[in-house]
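Please have the sequence and the model open side by side while you read my points.

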Amino acid sequence: MRELPPEEDALSIVAQEAPPEAEPAHRLLGLTDEEYRSILDLLGREPTPAELAVYSVMWSEHCSYKSSRVHLGRLPTEAPWVVMGPGENAGVVDLGNGWCAALRIESHNHPSFVEPFQGAATGVGGIIRDILTVGARPVALWDQIRFGPIDHDRSRYLFGGVVSGIAWYGNAVGVPTVGGETAFAETYSANPLVNVMCLGLLPRDRVVRATAGNPGNVAVLLGAPTGRDGIGGASILASAGFDATSESKRPSVQVGDPFQGKKLIEACLELYERGLVVGIQDLGAGGISCAASETAARAGVGVELDLDRIHVREEGMDPAELLISESQERMLAFVVPERVEEVLEVARRWEVDASVVGRVVAGDRVVARHHGRVVLDLPAASLTDGAPAYRRPYGEPQWMEDLWSNTLSMVRPPRLGDALLRLLDDPSVASARWVYEQYDHMLFLDTVVGPGADASLTRVDRAGLVVSTDGNGRVCYLDPRRGAARLVWEAAANLATLGARPLAVVDNLNFGNPEDPDVMWQFVETVQGLAEACTQLGVPVVGGNVSFYNETEGKSIHPTPVVGMLGIVDPLPEQIPRWENVEEGDELWIVGSDPTPNLAGSAFEQVVFGHVGGRPASTNPTRGNSVLGLVRRLVAEGIPVALHDVSDGGLLVAVAELCIAARIGVGLSYSDWRALFSEDPHRIVAVVSPADSHRLVDAARRQGVEISRLGTFGGDSILLEGPDRREAVPLEEASAAHLGAIPRRMATSHAT
Amino acid sequence: MSPVTAVVVFPGTNCERDVIRALRALGGEAEAVWHRDADLSGFAGVVLPGGFAHGDYLRPGAIAATSPIMAAVRRMAGEGRPVLGICNGWQVLCEAGLLPGAHIANRDLRFICRFVEVEVVDTDTVLTSTLQVGQVLRIPLNSYEGAWVDPSGEGRVVLRYRDDPNGSQGRAAAVADGRGNVVGVMPHPERAVDHLTGSTDGVPLLESYLAALERLPVHA
């Protein structure tokens with residue numbers, strides 16, 4: 001059912017495939033000469049082919065974070081409610097009601113470019129297993145996907161493929177996809193971004209660690225048989241940029257099987273419930289070699305693997321292939337010997353394959369045997385903590401000054417109404433309904449607020465877990481530090497619209513080539529911006545992912561951090577603010593003010609004028625925190641009918657989205673038209689019934705937050721009243737633009 | 001003791017917990033039963049819930065239709081007990097020959113997850129006995145192979161889509177056998193039992209099913 005990528009030129013790919021003569025093996029595997037010398041020193045001998053393959057994967061950028069590790073320490077990671085922070089399979093926070101939440105975000109950018117359907121599908125499978133590994137049942141997914149302009153055939157092919165891959169895997173594996181982001185921009189033309197985030201729930205006393213435990217424990221490999229798919233995915237795909245030979249990397253993309261994934265989830269949850277495992281690790285990048293070395297290093301023990309006992313999908317796999325295969329839907333469990341039979345019995349019952357593949361021994365080495373021969377024998381920690389860490393050079397690019405001075409002269413657009421319609425019709429601003437209606441977002445009966453709103457709300461007993469994910473490559477390109485901080489504030493504002501206070505952040509840092517000092521500067525600034533904003537909000541970062549080498553033909557993408565934020569509202573508010581609840585006569589207010597509207601990096605400048613330049617405004621923690629505090633209080637008191645943060649497209653788009661959802665017009669007056677399009681994150685649109693407006697005014701006065709009344713809902717058009725002009729946009733036109741932007745464009749390509 | 005429903009779990013089924021939760025919230029008793037169990041004695045009715053039994057491999061429902069438990073499901077259907085297949089469960093019932101017709105991919109070749117409106121056209125079934133003909137219900141659809149086709153013309157349409165979301169023959173959203181005790185339904189009634197999650201229109205459907213359980217004595 002899937003199409004072939006357009007313009008594929010098989011001959012040219014084959015022609016470029018022949019490797020240069022006599023290139024040493026380590027270089028072909030992506031290791032530098034210096035890294036190879038470290039391996040020689042570590043082992044005191046030449047590595048075996050299997051060892052070299054394992055080092056190449058474990059020391060890859062993707063697995064080792066070698067360019068980013070030295071900077072990530074600046075992120076705040078502690079709070080009294082943090083049970084498990086960064087460095088584990090998922091962050092875990094205590095919800096205070098007997099439950100813990102597990103949260104994790106990952107990228108699958110490179111595989112999704114090479115093979116969008118399976119690349120995206122296995123991204124979903126992988127993140128679900130990360131959540132499963134800490135003992136949690138995966139309960140919700142979010143996808144943040146970015147492509148080149150939707151008018152390009154190639155972008156539509158990738159977009160369609162990624163969405164169907166997510167739908168295919170997520171729906172069948174039985175985890176609802178309750179939100180996400182869809183964006184299109186030139187910078188992602190040859191390097192799409194596919195990030196996926198998963199939330200899990202677990203009883204507080206059931207947190208499982210990725211540890212091998214004590215000597216004597218038995219290693220049991222659970223799940224799909226091992227095959228040759230995904231060999232070297234981490235080093236080959238995720239740790240280098242793209243060029244004309246990228247299509248030939250397709251065999252490095254793993255193939256997913258949501259059916260195996262679903263069975264594995266249920267089997268593992270039963271193992272946890274019955275306390276049958278000491279520790280567990282999913283098999284992702286680096287396969288069983290990674291899982292064994294991480295669990296051994298964490299426990300300070302050794303692990304011996306018998307590769308002949310791995311259940312395989314194909315005959316004749318060599319030791320290196322068995323060790324680094326990234327076949328999906330596999331977990332490595334550590335079990336005390338007396339309980340191995342019970343573990344195998346649980347696996348049989350759920351129709352999951354399982355083999356005893358090794359044992360835990362004293363010492364610190366991972367040893368693997370194949371046909372009775374030792375094919376790998378190395379210190380476990382040399383693959384993890386012993387991996388190289390680089391302090392790459394960085395500095396503010398010279399072109400930043402030019403970028404900042406390149407402001408758009410503030411001409412008034414011909415018509416604000418036209419600008420609004422163009423914004424609503426922009427695929428990045430428009431409704432993503434075409435996307436999320438392909439995802440099961442209702443499974444488990446707890447999706448109280450689903451996709452299409454500012455944040456999702458998943459019910460847990462009497463409380464709600466509220467989640468938002470936000471990215472904005474354009475603003476981060478213009479100022480990575482301010483841009484990253486804005487994302488954090490924007491996420492917090494989204495949470496506040498459902499009354500939730502933030503508990504935890506995960507970040508997915510999508511960047512270009514870290515060996516370029518300009519890119520490294522963007523990265524360092526981004527981390528700084530995230531650190532500042534999270535500190536100001538008092539929210540810890542409990543996990544994250546770094547994806548470098550998002551470049552094609554030497555051109556790096558815009559820096560694109562994606563922030564996922566989890567919050568809690570406990571108890572659930574009696575009146576949950578919903579856009580569709582707005583009624584005739586309801587009043588439109590804005591909470592917070594934007595005294596100096598700044599349009600740099602706004603969707604308005606990009607969409608209406610094709611302009612990206614100037615320096616975005618910095619965030620303001622005092623203003624931000626007081627607005628968020630007031631809004632949370634309003635929700636708790638049941639005052640607002642609806643709330644909407646101000647972000648992509650600005651205030652006017654936010655108001656139009658309320659109108660479209662509620663199928664009602666509005667009369668809106670403004671004094672400075674720029675405030676209609678600025679994306680200052682410290683403002684939230686509030687809708688209250690006339691009977692409640694005095695409560696809004698009182699609460700704002702008590703908290704000392706500026707609010708202003710902008711208008712009243714009613715009629716069938718969006719009526720804009722300025723100091724010297726009056727414009728009306730028929731609601732029907734606005735609706736058609738917003739809801740039709742993506743379906744209309746996708747109708748021109750085949751369904752996938 | 002109120003009569004107990006067996007909610008069948010095939011590998012890949014994913015709506016079993018939701019169905020049990022919804023039935024219990026309405027005062028019913030329900031238990032998950034693994035597809036390898038061949039014995040349904042003691043149960044008053046059976047629900048085949050939604051999901052992706054056996055990964056939908058071969059065809060949705062095709063492998064599940066051969067599971068050991070299906071002989072017992074067939075027996076219950078023959079005894080006139082309520083047998084309800086929701087979404088993937090309906091596909092299983094068709095593949096097992098307990099309901100006429102088969103399912104093909106949605107007209108637009110895309111998965112559809114959204115609320116749809118259905119109209120009651122037949123109240124002489126275990127799913128609709130408490131409803132009125134012409135009543136309109138808003139319940140979520142969640143399927144890829146959701147379009148029902150029935151060249152035989154034997155199926156009794158029970159619920160009909162008001163618009164045509166997926167190309168189902170006769171806009172059928174639910175179909176019954178001749179006696180009305182075996183029903184397949186594509187939208188999920190168990191997802192519409194709570195105002196907070198969008199609708200309570202699934203309640204009368206599940207209440208009809210629960211009421212039907214009382215009609216026949218259960219043997220041990």
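**Notes on the two chains**

1. Let's start with a strand pair: strand 22 (residues 587-591) of chain A pairs with strand 25 of chain A in the antiparallel sense, over 5 bridges. Pairing here requires that DSSP finds at least two bridges between two strands. Within this pair, Trp589(A) stands opposite Ala686(A) of strand 25 of chain A. Helices (H or I, at least four residues) and strands (E, at least two) are DSSP runs, numbered from the N terminus.

2. A word on conventions. This is a predicted model, in which local features need pLDDT of at least 70 and side-chain atom pairs count only at pLDDT 80 or more, while totals for chains, interfaces and linings use all residues. Residues are numbered from 1 along each chain as its sequence is written, and chains are lettered from A and ligands numbered from 1 in the order in which they are written.

3. Strand 25 of chain A has another partner to look at. Strand 23 (residues 642-645) of chain A is joined to strand 25 of chain A by 4 bridges, and the two run antiparallel. Here Ala642(A) is the residue opposite Val687(A).

4. How many residues of strand 25 (residues 684-688) of chain A are buried? The count is 5 of 5, so the strand is mostly covered; buried means 20 or more other C-beta atoms within 10 Å of a residue's own, with C-beta atoms placed from the backbone. In a regular strand, side chains alternate between the two faces of the sheet. Ile684(A), Ala686(A) and Val688(A) point one way, Val685(A) and Val687(A) the other way, and all are buried.

5. Elsewhere in chain A, strand 27 (residues 717-721) and strand 28 (residues 726-730) run antiparallel, joined by 5 bridges. These strands of chain A form a hairpin with 4 residues between them. Ile718(A) has Val729(A) as its bridge partner.

6. Now the contact between the chains: 25 residues come from chain B and 21 residues from chain A. Contact means C-beta atoms, placed from the backbone, within 7 Å. On the chain B side, helix 1 (16-25), strand 6 (112-120) and strand 7 (136-143) each give two or more residues. Strand 6 of chain B gives the largest share, 3 residues.

7. Finally, please look at Phe111(B), in the loop between strand 5 (102-104) and strand 6 of chain B. Phe111(B) is buried because 24 other C-beta atoms lie within 10 Å. Beyond its neighbours within four places in sequence, Phe111(B) contacts Ala167(A), Asn171(A), Gln438(A) and Tyr144(B).

Note on methods. Two residues are in contact if their C-beta atoms, placed from the backbone, lie within 7 Å. A residue is buried if 20 or more other C-beta atoms lie within 10 Å of its own, exposed if 12 or fewer, and partly exposed in between; C-beta atoms are placed from the backbone.
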